Amino acid sequence: ELFAGSQGLSSALRREGHPCLAFEIRMGPEYDLTNPRVLALIEGWIASRAVIGIWMGTPCTSWSRARRGPPGSGWCAIRSNDLLLGLPDLSAADQKRIALGNATAKASARLIRCCIRQRCPVYLENPAASMLWICPFIKPLLARPECHHVNTDYCQFNKPWRKRTKIAAWNTHELDSF
């Protein structure tokens, strides 16, 4: 589970007796998926077939459309459909958010491409309205023949909120061989 957040999926898999690793930057720098060495390590695991599947919860904070405040406010837009990699003249804090969001999207795309090459199942989750789905790193991957995607609402799973979520998956037919 990459960009694991609260590690909900990996914890559930472990409870069922399945080995599972979680990577989340808050666990330490060795779990920083924007670090090329960490990415290379995971790519090596994928290439050696030590990984049978990946779930990514790429951080959506800077890709959200929820920021709609006036320019200069603490909740102003930091991206747009025309300027997906960041609006100009942002505060230093928002520039940092953009840089991190772009780095996590690039890392996600890199690992998805690795999984496609190695025919390893990989899933990417983000809010359905997230600009991540149209960013130049991810959008071309959605058009690949290995990709399937679905929108779902968390309320379907007895959660008290709707939160429409999109899940894209590549190479999911590979799971049939296990």
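Trainee: Which is glutamate 24, buried or exposed, and how do you know?

Mentor: First, keep in mind that this is a predicted model. Glutamate 24 has a relative accessibility of 12%. Buried means under 20%, so glutamate 24 counts as buried.

Trainee: And what makes arginine 26 buried or exposed?

Mentor: Its relative accessibility is 66%. The cut-off for exposed is over 50%, so arginine 26 counts as exposed.

Trainee: How do you know that glutamate 24 forms a salt bridge with arginine 26?

Mentor: Look at the closest N and O atoms of glutamate 24 and arginine 26, which are 3.8 Å apart. The limit for a salt bridge is within 4 Å, so the pair passes. As background, side chains of opposite charge can pair when their charged atoms come close.

Trainee: How many salt bridges does a search of the whole structure find?

Mentor: The search finds 6 salt bridges. One of them joins arginine 110 and glutamate 43, with the closest N and O atoms 2.8 Å apart.

Trainee: Why does the pair of arginine 110 and glutamate 43 tie together parts that are apart in sequence?

Mentor: Arginine 110 sits in helix H3 (residues 92–118) and glutamate 43 in helix H2 (residues 36–47), so the pair ties together parts that are 67 residues apart in sequence.

Trainee: What do arginine 110 and glutamate 43 count as, buried or exposed?

Mentor: Arginine 110 falls in the class between those words: at 26% relative accessibility it counts as partly exposed. Glutamate 43 has a relative accessible area of 15%, and with the cut-off for buried at under 20%, glutamate 43 is buried.

Trainee: What makes aspartate 94 and arginine 97 a salt bridge?

Mentor: Their closest N and O atoms are 2.6 Å apart, and the rule asks for within 4 Å, so the pair qualifies. Both residues belong to helix H3, and because they are 3 residues apart there, about one helical turn separates them. Aspartate 94 is buried at 5% relative accessibility, whereas arginine 97 is partly exposed at 42%.

Trainee: Which residues are linked in a network of salt bridges?

Mentor: Arg67, Asp94 and Arg97 are the ones linked in that network.

Trainee: Where is glutamate 125, and is it buried or exposed?

Mentor: You'll find glutamate 125 in strand E2 (residues 122–127). Its relative accessible area is 18%, and that is under the 20% cut-off, so glutamate 125 is buried.

Trainee: What joins the side chains of glutamate 125 and tryptophan 55?

Mentor: A polar contact of 3.1 Å joins them.

Trainee: Which residues lie nearest the centre of the largest pocket?

Mentor: Glu125 turns up again here, together with Phe3, Ala4, Gly5 and Gly57. The lining has 35 residues, and the pocket has a volume of about 830 Å³. Strand E2 gives the most to that lining, with 3 residues. Sorted by type, the lining has 17 nonpolar, 11 polar and 7 charged residues.

Trainee: What is the second largest pocket lined by?

Mentor: It is lined by 19 residues, among them Pro19, Cys20 and Val51, which lie nearest its centre with Ile52 and Gly53. Helix H1, helix H2 and strand E1 are the elements that give two or more residues to this lining. Its space comes to about 620 Å³. The lining divides into 16 nonpolar, 2 polar and 1 charged.

Trainee: Why is a space called a cavity rather than a pocket?

Mentor: A cavity is where a 1.4 Å probe fits but cannot get out, whereas a pocket is open. The count is 1 cavity of 30 Å³ or more, and the largest cavity holds about 30 Å³ of space.

Trainee: Which residues line the largest cavity?

Mentor: Ser62, Ser64, Arg67, Ala77, Ile78, Arg79 and Met131 do. They divide into 3 nonpolar, 2 polar and 2 charged.

Trainee: Where is the place of serine 64?

Mentor: Serine 64 is in the loop between strand E1 (54–56) and H3. With a relative accessible area of 27%, serine 64 is partly exposed. Its side chain reaches the backbone nitrogen of alanine 66 at 2.9 Å. Serine 64 and isoleucine 78 are 14 residues apart in sequence, and their C-alpha atoms are 9.1 Å apart in space.

Definitions and conventions: Residues are numbered from 1 along each chain as its sequence is written. This is a predicted model: local features need pLDDT of at least 70, side-chain atom pairs count only at pLDDT 80 or more; totals for chains, interfaces and linings use all residues. Side-chain values use heavy atoms; hydrogens and water are left out. Helices (H or I, at least four residues) and strands (E, at least two) are DSSP runs, numbered from the N terminus. Buried means under 20% relative accessible area, exposed over 50%, partly exposed in between (1.4 Å probe, protein chains only). A polar contact is a pair of N or O atoms within 3.5 Å; within protein, one must be able to donate a hydrogen and the other to accept it, and residues adjacent in sequence count only if both atoms are side-chain atoms. A salt bridge is a side-chain nitrogen of Lys or Arg within 4 Å of a carboxyl oxygen of Asp or Glu. On a 1 Å grid over the protein atoms alone, a cavity is a set of points where a 1.4 Å probe fits but cannot get out, and a pocket is an open set with protein on both sides within 12 Å along at least five of seven lines; lining residues have an atom within 4 Å of a point. Grid points are joined across faces, edges and corners, and a volume is the space filled by probe spheres set on the points. Ala, Val, Leu, Ile, Met, Phe, Trp, Tyr, Cys and Pro count as nonpolar, Asp, Glu, Lys and Arg as charged, and the others, Gly among them, as polar.
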